[in-house]
Amino acid sequence: MTEAAIRMIGVNKWYGEFHVLRDVDLDVAAGEKIVLCGPSGSGKSTLIRCVNRLEAHQAGQIVVDGVELTDSLRSIEGVRREVGMVFQHFNLFPHLTVLENCTLAPVNVRKVPKAEAEAQALHILEKVRIAEQAGKYPVQLSGGQQQRVAIARALCMKPKIMLFDEPTSALDPEMVKEVLDTMAALAREGMTMMVVTHEMGFARQVADRVIFMDQGQIVEIAPPEQFFSAPRHERAQAFLKQILH
């Protein structure tokens with residue numbers, strides 16, 4: 001077996017007494033698109049936040065791009081350089097323009113010369129169809145535009161893996177499609193992706209595998225056509241009945 005881009009072995013996490021992740025085993029291959037779904041509080045967001053150590057797991061192993069995540073600052077920084085993340089809320093710096101938001105990390109973390117970082121950022125903003133907004137501030141943009149800037153900002157670090165934590169749930173319905181289209185284009189280019197979302201149409205279209213979580217456990221893993229047409233686990237069946245109506 002080739003080395004997984006992300007490997008989780010027996011991962012457990014607690015918040016005090018609350019056991020939020022229970023013995024999670026998962027391999028994500030390079031270039032694979034994984035969609036995580038499940039009821040609220042099932043551990044989906046916590047799981048992907050553990051992949052770049054925004055949350056620390058307390059038991060088990062997480063290996064990302066060949067580096068095991070430990071308390072070592074070097075291992076955490078090494079992984080974060082290769083893993084981009086897009087959140088539910090855009091987390092853009094309000095006092096910086098779109099272009100400045102996109103060049104900040106490449107210049108300061110990767111030490112890319114400013115002119116090169118700006119040229120690269122404009123190319124990526126073009127790719128997510130928002131280059132004409134480069135000189136504006138986040139407050140001047142719609143929610144969908146801000147989320148596309150957040151995706152562009154993550155891509156400017158040239159990550160090997162992208163994590164998305166419910167990236168459309170804070171958006172008005174008419175803005176959801178432009179963000180999902182951007183993510184689908186990224187998937188077609190072969191980016192390794194883990195996506196927490198309730199957008200089941202996106203899961204059908206883009207995912208290589210759908211992972212259903214409940215009560216901190218992976219309950220079912222299946223290709224989308226199988227998951228949506230014949231989920232095996234009764235909890236997955238009940239969830240789909242609820243969400244697809």
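Helix 6 (residues 173–188) buries Met-175, Val-176, Val-179, Leu-180, Thr-182, Met-183, Ala-184, Leu-186 and Ala-187, where buried means under 20% relative accessible area with a 1.4 Å probe, protein chains only. The model is predicted, so local features need pLDDT of at least 70 and side-chain atom pairs pLDDT 80 or more, while totals for chains, interfaces and linings use all residues. Residues are numbered from 1 along each chain as its sequence is written, and side-chain values use heavy atoms, without hydrogens and water.

**Helix 6**
- Helices are DSSP runs of H or I with at least four residues, and strands are runs of E with at least two, numbered from the N terminus.
- The cover over the buried residues of helix 6 includes strand 3 (33–37), helix 5 (143–155), strand 7 (161–165), strand 8 (192–196) and helix 7 (200–206).
- Just after helix 6, Gly-190 adopts a positive phi of about 100°.

**Nonpolar cores**
- A nonpolar core is a set of buried Ala, Val, Leu, Ile, Met, Phe, Trp, Tyr and Cys residues joined through side-chain atoms within 4.5 Å.
- The largest such core has 51 residues, and those with the most contacts inside it include Met-183 and Phe-227.
- Helix 6 provides the largest share of this core, eight residues.
- Apart from this core lies another of 28 residues, among them Ala-5, Val-11, Ile-62 and Ile-161.
- Phe-227 touches residues including Cys-37, Val-210 and Leu-240, not counting those up to four places away in sequence; contact means heavy atoms within 4.5 Å.

Methods. Expected span 1.5 Å × (residues − 1). Buried < 20%, exposed > 50% of the residue type's maximum accessible area, 1.4 Å probe, protein only.
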